[in-house]
Amino acid sequence: ISTLEKARELVDVGLTFALVSFHAHDAHLSDIVTGTKGTFPQVIQGIKNLVEVGVEVTLNTVFCKENAPHALDIIEFAANEFPFRHHNLKWNISYGHPITPDVAVESLVQLSQLKPYLVEALEYCLAQSITFQGLSNPCGIPPCILDGNLDYYPRCEEHLHGSKNQLAFHEVPACTTCCLPSGCVKLRRNSVALFGQEEFHPPT
């Protein structure tokens, strides 16, 4: 969506919403994370064009080992580039996990390693009134990783909801002592198999 004209054409045929991959705050990191060189400027311009023509845009960041330390950089950059406060623009947060055999396991980040960087970014969002979502979704992050802080589970997600694919998720023994709302999506079986369950300490 390199031009306003193209964005308007899409609106004319019915486009009202776009979920846009947004995994970095600069071209170098974007090239590394996406494996596609030279696309970062086009992504930025495309987002601006969609916003300009009134499309509801959600920026989707999937955290991995390479971009996790830059969580705050990513949302600060987005806040400076795009009008979060003046448009129906949201930030969707998820993390990479070994859902298919072709996932590069060496790039996956353990949730406890992502936590400090993500908390910085979430606190920035709260301070700047930036709408974020996704943490309670199946590709999101269990609240116990974030110390049970339900401020990180926004009003647009009024309750934690269970996954329709329960076979992909798993309760560890620590889950039985959790005092948080029922319906948490629990833990991904493949992530527990890869990293273990020691990082999960549900609030009691």
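Predicted model: local features only at pLDDT ≥ 70, side-chain atom pairs only at ≥ 80, totals over all residues.
Among contacts between residues at least 6 apart in sequence, 70% join residues at least 24 apart.

In soluble globular proteins, nonpolar side chains tend to be buried together. Here the largest nonpolar core has 47 residues, among which Leu-59, Trp-91 and Leu-135 touch the most other members. Two or more residues each come from β1 (17-21), α3 (40-52), β2 (56-63), α4 (71-81), β3 (89-95) and α5 (111-128), and the element that gives the most is α5, with seven residues. The surroundings of Trp-91 can be followed in the structure: leaving out residues up to four places away in sequence, Trp-91 touches partners that include Leu-59, Phe-63, Ala-71, Ile-75, Ala-121 and Cys-125, as well as Thr-131, Phe-132 and Gln-133.

Side chains of opposite charge can pair when their charged atoms come close, and the structure holds four salt bridges. In one of them, Lys-48 pairs with Glu-81, with the closest N and O atoms 2.8 Å apart; because Lys-48 lies in helix α3 and Glu-81 in helix α4, this pair ties together parts that are 33 residues apart in sequence. Lys-48, at a relative accessible area of 33%, is partly exposed, and so is Glu-81, at 29%. Another salt bridge joins Lys-90 and Glu-56 at 3.3 Å, N to O, linking strand β3 to strand β2 across 34 residues; Lys-90 counts as buried at 14% relative accessibility, whereas Glu-56, at 27%, counts as partly exposed. Lys-115 and Asp-147 meet at 2.9 Å, N to O, and this pair connects helix α5 with the loop between β4 (132-133) and β5 (169-170). Lys-115 is partly exposed at 24%, while Asp-147 is exposed at 57%.

Polar atoms of the Glu-199 side chain instead lie 2.6 Å from the backbone nitrogen of Ser-112 and 3.4 Å from that of Leu-111. Beyond its neighbours within four places in sequence, Glu-199 is in contact with Gln-110, Leu-111, Ser-112 and Ile-145.

Conventions: Residues numbered from 1 in each chain as written. Heavy atoms only, no water. Core = buried A, V, L, I, M, F, W, Y, C linked by side-chain atoms within 4.5 Å. Buried < 20%, exposed > 50% of the residue type's maximum accessible area, 1.4 Å probe, protein only. Helix = DSSP H or I, 4+ residues; strand = E, 2+ residues; numbered from the N terminus. Contact = heavy atoms within 4.5 Å. Polar contact = N/O pair within 3.5 Å; in protein donor to acceptor, adjacent residues only side chain to side chain. Salt bridge = Lys/Arg side-chain N within 4 Å of Asp/Glu carboxyl O.
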